[in-house]
Structure formats: structure tokens, C-alpha cells
Amino acid sequence: DLRIHQNRTAEAVVLLRGWEDRLETAAAQAKLHDSRDELDLAVSVLHWALREQETNLVASTPLWAHLVEVECRRDIAAADVAASRLELIAESLASPGIRAVARLSRGQVQAARGEDAVASLLSALRELGEDERPRLRADIHIALAEAERGRDAAAAITQARAGLAIFERLGARRDADRAAALLRSLGVSVRAGADAAGRRGLEMLSRREREVVPLLAEGLSNAEIAKHLFITPKTVEHHVTNILGRLGLHTRTEVAAWVHRTAGGS
């Protein structure tokens, strides 16, 4: 799990190999599939683990939360069902942390539907209170930044900076790249240390992201890329954000210029 968050997926593959039958590795397996854009496989692993953990509400909570996150990019109706299940778990357990997870998941579903998610996400932060839970807190900050982006740029920048600061302290390079890309999309310059890994080039991108890059360079829209790769426009948007962050670029035009420079130098 740590290697995946550090964007060291090759090491994660080695560590997980031969343990695919063990329930305790399921969460990491699902995250690995997610990081490679293998969404169907991620969902399958999560459903298997959830069946095995059916009576353990606490252990199933992060699995449901990850399922919501994946399904928001794959099947919004399924994401809604998973978020509702999390809300039921939160009602039955006296745990502010689990209530925060449930409200974050509800906010993610609302955002994926184009609805106002700010109230749900602020509620998630309030539920945490003094509870540290740094990764969860950072995830909420980033979700808030994305929800605020269209209506209050200053609030979005504030939330994105908070999330980035936490991810950097945790050494979560993959998540920090995402936060840095969000800040750049808001017109904020991000110091080199926050996204230096993003400048390594294509080796930092997932297989699917490497497929998106040349289509971006051709000037295709998200909808056109989605049709070409048989994925949803929402998933394309997610890939474009990651590509910008990892390559240290600001716009789709800069991606095209980077591709032409790279091709010219090879």
C-alpha cells in the first residue's frame, strides 16, 4: 500500500506477487489495479473482499470507500449504492472517522454527478475534529478543492494547498502529484520539490495515461479521447489531470509541445 502511494508500483507488484489469495492483501491489490487504470479488476477484487468481510463493518469501511472512488469513474449508479452502504455503516457505528469517510464518499458521488458536494465534504472535515487521520484529511481537502474550483477559486486553492502539504509530509508522491496538478489548473505555480518526479517523463505515467498523451497532442477533446479508448469522459478528465501533474505541465497545449519535443529528440 505504501509503495503504491509513493508511485513505486513496480515494487508493489513484486511484494504482492504470490499472495493474491490472501484477504489481507485485497485492499492493496485493488489499489494497484486502480493505479494501472484496471478499473474492472479493482472492482472485482473489492467485491471479493467485501463478501469475505461482510460481518466486519470496521474492516469493510475502507473497501467500500475505495469502491465508491473507483465507481465514480466507472459506474455512477454503482458508486451511489456503495456510498449508501457506507452511510448505513456510519449510522450503526459510533465512529467520527467512519462518518467522515461516509460523507467524503457521498461528496464524491455528488461531484461526479455534477451536483454541489461542498456541504457533504465540509461535514466530513467537521466529523474528523481533532482526529489526525492525515491521509483521510488530505483526501477531503482535495475533494473540496475540486468541488470549489468552479465557483470559488480562492477557496479551491486553499484546500488544494492543504491537501498537498499533507501528502508531501506523508511522502505520498502519487497523491502529491495529483494535488500539484490541481493547483496548476487553478493558475498556481507549484515549487519544484512538489512535482519534480512528474518531470521524469513517460515512465511516470500509467499504461492508460501513455495512451492518452498522443491523443491530447492531436488536440482531441475529452469526449473524443473517451470514444477512441472506450472509456468515459470522466475517466479521461482524471487521466489528463494526472498527466499534467506528473509531467509538470499546465495546459493541454503544453502536453502537445512536450510530445513534439520528445519525439524530436528521440
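**Entry 1: the model.** I note that this is a predicted model.

**Entry 2: the pocket.** I looked up the volume of the largest pocket. It is about 1500 Å³. Next I asked how many residues line the largest pocket. The lining holds 50 residues. Glu69, Leu104, Gln108, Asp139 and Arg178 lie nearest the pocket centre.

**Entry 3: helices around the pocket.** Which helix gives the most to the lining of the largest pocket? I found helix 7, with nine residues. Helix 7 spans 96-112. Other helices that each supply at least two lining residues include helix 5 (57-71), helix 9 (134-148) and helix 11 (173-185). Helix 3 (26-35) and helix 15 (233-247) are also among them, and so is the stretch 2-5, helix 1.

**Entry 4: classes in the pocket.** I sorted the pocket lining by class. I got 20 nonpolar, twelve polar and 18 charged residues.

**Entry 5: the cavity.** I searched for cavities of 30 Å³ or more and found one. About 30 Å³ of space lies in the largest cavity. Its lining includes Asp34, Ser35 and Asp37. Arg73, Arg174 and Glu209 line the cavity too, as do His238, Asn242 and Arg246.

**Entry 6: helices and classes in the cavity.** Which element gives the largest share of the cavity lining? Helix 15 does, with three residues. How many nonpolar residues are in the cavity lining? I found none there. The cavity lining has three polar and six charged residues.

How values were computed
Residues are numbered from 1 along each chain as its sequence is written. This is a predicted model: local features need pLDDT of at least 70, side-chain atom pairs count only at pLDDT 80 or more; totals for chains, interfaces and linings use all residues. Side-chain values use heavy atoms; hydrogens and water are left out. On a 1 Å grid over the protein atoms alone, a cavity is a set of points where a 1.4 Å probe fits but cannot get out, and a pocket is an open set with protein on both sides within 12 Å along at least five of seven lines; lining residues have an atom within 4 Å of a point. Grid points are joined across faces, edges and corners, and a volume is the space filled by probe spheres set on the points. Helices (H or I, at least four residues) and strands (E, at least two) are DSSP runs, numbered from the N terminus. Ala, Val, Leu, Ile, Met, Phe, Trp, Tyr, Cys and Pro count as nonpolar, Asp, Glu, Lys and Arg as charged, and the others, Gly among them, as polar.
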